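Reader: Hi! Could you walk me through this structure, one piece at a time?

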Amino acid sequence: MSSALVFGITGAGLIAIGLYGFLIRRNLLRQIVAFNLISSGIFLLFGALGARSLNGGSDPVPQAMIITGIVVALSTTALAIALITKLHGQTGRAELLDEREEDDD
Amino acid sequence: VNFGLLFDIGLCVLLLGVAFAAIAARELFASISLFIGFGLLVAIGWVRIDALNVALAEAAIGAGLTGMLLLNASARIEGAAQGRLPVRLLPILLCTMIAAALGWSIAELAAPAEGLVPLVERNLPAAGVDNAVTAALINFRGWDTLLETVLLVVALIGIWSLGEDAVWRGRPGLDQTVRPDGVLATFGRFLPPLGFLFGAYLVWVGSSAPGGAFQGATVLAVMWVLMMVAGLSEPPSVGSRGFRWALASGPLLFLAMGLLGIFHGGFLFFPPNFAQEMTLLIELGLAVSVALTLGLLLMGAPRRPA
């Protein structure tokens with residue numbers, strides 16, 4: 001068992017934990033935290049696969065793509081948080097309603 | 001006994017535990033704090049698999065900036081949801097299956113291949129920089145990075161467009177009044193000179209050692225935000241034309257360099273003779289405009305008149 005494999009499996013675990021939080025939590029900020037855990041898991045999985053090379057060292061191309069991914073995740077998070085703040089400012093809620101609940105309004 | 005492997009297993013158990021705690025924590029503040037801690041632990045993980053450039057990006061952007069954004073939002077959204085994590089059988093089953101399928105497919109992969117390492121090593125001299133990750137970011141996979149920098153600006157435009165009509169083109173953030181001898185005022189004066197120096201160093205060193213435009217820009221951005229929060233620097237008004245050009249300058253410079261490449265073989269092709277100069281120029285241009293963009297992403301939509 002190599003270190004790269006350990007980190008790869010951890011990445012898979014992080015994706016599952018984040019996904020569960022994303023599915024179960026209703027508060028939008030908590031969903032953002034979960035979303036970021038999923039992306040961390042995907043990056044770690046990808047990076048671990050790039051670190052399996054025989055001669056040691058980590059493949060630089062996945063590293064560059066992961067750095068791009070981290071910046072993209074930050075941009076999405078920033079925009080999503082601005083939308084959530086706006087939603088909260090206008091409705092006082094930080095959750096999305098079910099369609100069923102919306103019919104009751 | 002392989003102590004390195006033992007350390008990695010311990011770190012991974014900790015990572016999974018902290019990630020679960022961030023999801024399960026009853027209070028939002030605890031969840032965000034755990035998430036920031038998680039980001040720093042992942043950065044240690046990146047060091048362990050020899051990805052130092054990613055470790056810097058994860059610590060600065062993944063843990064630092066994302067954590068700041070979340071903390072700021074949680075302070076503005078009062079009475080944020082608290083509560084125990086519900087146990088739902090079907091989602092647990094689904095998530096376990098996904099983790100098992102992913103984990104199994106990694107474990108079953110054929111013997112490690114060399115991947116792109118030899119290809120990168122062969123082409124590194126033509127890229128003009130010694131840091132292979134910087135070469136991959138700016139040169140080999142320039143398209144990704146160009147679009148990423150455009151995306152940053154687009155996200156900022158999206159955030160600005162959420163401002164109220166009354167403060168349209170106004171300034172982001174609150175009018176800061178800081179106690180003159182308080183911690184924030186002292187900290188705001190003491191830290192930025194060191195921080196700016198370190199940020200500039202990270203950008204500069206990125207061509208030959210771990211570091212680079214994005215990691216350095218994050219440090220610069222945070223120092224700028226600290227100065228704005230400490231009331232030492234007024235945030236620019238969103239309508240300022242010169243400032244908008246400064247934000248777009250990095251991607252525009254990158255685009256211009258890419259177009260120059262057309263005369264030498266194709267879009268985003270950097271001729272080996274000039275690759276070093278072009279890469280450095282792009283890195284410097286990106287560092288400035290990305291730092292400004294990140295700083296304003298943290299400040300959010302305009303909230304007061306210009």
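Reader: Let's start with Glu164(B): how exposed is it?
Author: Glu164(B) is partly exposed, because its relative accessible area is 47%. Buried means under 20% relative accessible area, exposed over 50%, and partly exposed in between (1.4 Å probe, protein chains only). Keep in mind that this is a predicted model, where local features need pLDDT of at least 70, side-chain atom pairs count only at pLDDT 80 or more, and totals for chains, interfaces and linings use all residues. Residues are numbered from 1 along each chain as its sequence is written, chains are lettered from A and ligands numbered from 1 in the order in which they are written, and side-chain values use heavy atoms, leaving out hydrogens and water.

Reader: Got it. Which side chain does Glu164(B) meet in a salt bridge?
Author: That would be Lys86(A), at 3.6 Å from N to O. Glu164(B) sits in the loop between α7 and β1 of chain B and Lys86(A) in helix α3 of chain A, so the pair joins two chains. A salt bridge here is a side-chain nitrogen of Lys or Arg within 4 Å of a carboxyl oxygen of Asp or Glu. Helices (H or I, at least four residues) and strands (E, at least two) are DSSP runs, numbered from the N terminus.

Reader: How many salt bridges are there over all chains?
Author: Seven. One of them joins Arg48(B) and Asp8(B), 2.6 Å apart from N to O. This pair links distant parts of the chain, with Arg48(B) in helix α2 and Asp8(B) in helix α1 of chain B, 40 residues apart.

Reader: Is Asp8(B) buried or exposed?
Author: Asp8(B) is buried, as its relative accessible area is 0%. Arg48(B) counts as partly exposed at 36% relative accessibility.

Reader: New topic! What about Arg30(A), does a buried one have a partner, or what is the nearest side chain of opposite charge?
Author: Arg30(A) is buried yet has no salt bridge, and the nearest side chain of opposite charge, Glu27(B), is 8.5 Å away. For charge, Lys and Arg count as positive and Asp and Glu as negative, while His and the chain ends are not counted. A polar atom of the Arg30(A) side chain does lie 2.6 Å from the backbone oxygen of Ala25(B).

Reader: And how confident is the predictor in chain B?
Author: The mean pLDDT of chain B is 92, and 98% of its residues reach 70 or more. pLDDT is the predictor's confidence in each residue, from 0 to 100. For the complex, the predictor gives an ipTM of 0.93 and a pTM of 0.93.

How values were computed
Polar contact = N/O pair within 3.5 Å; in protein donor to acceptor, adjacent residues only side chain to side chain.
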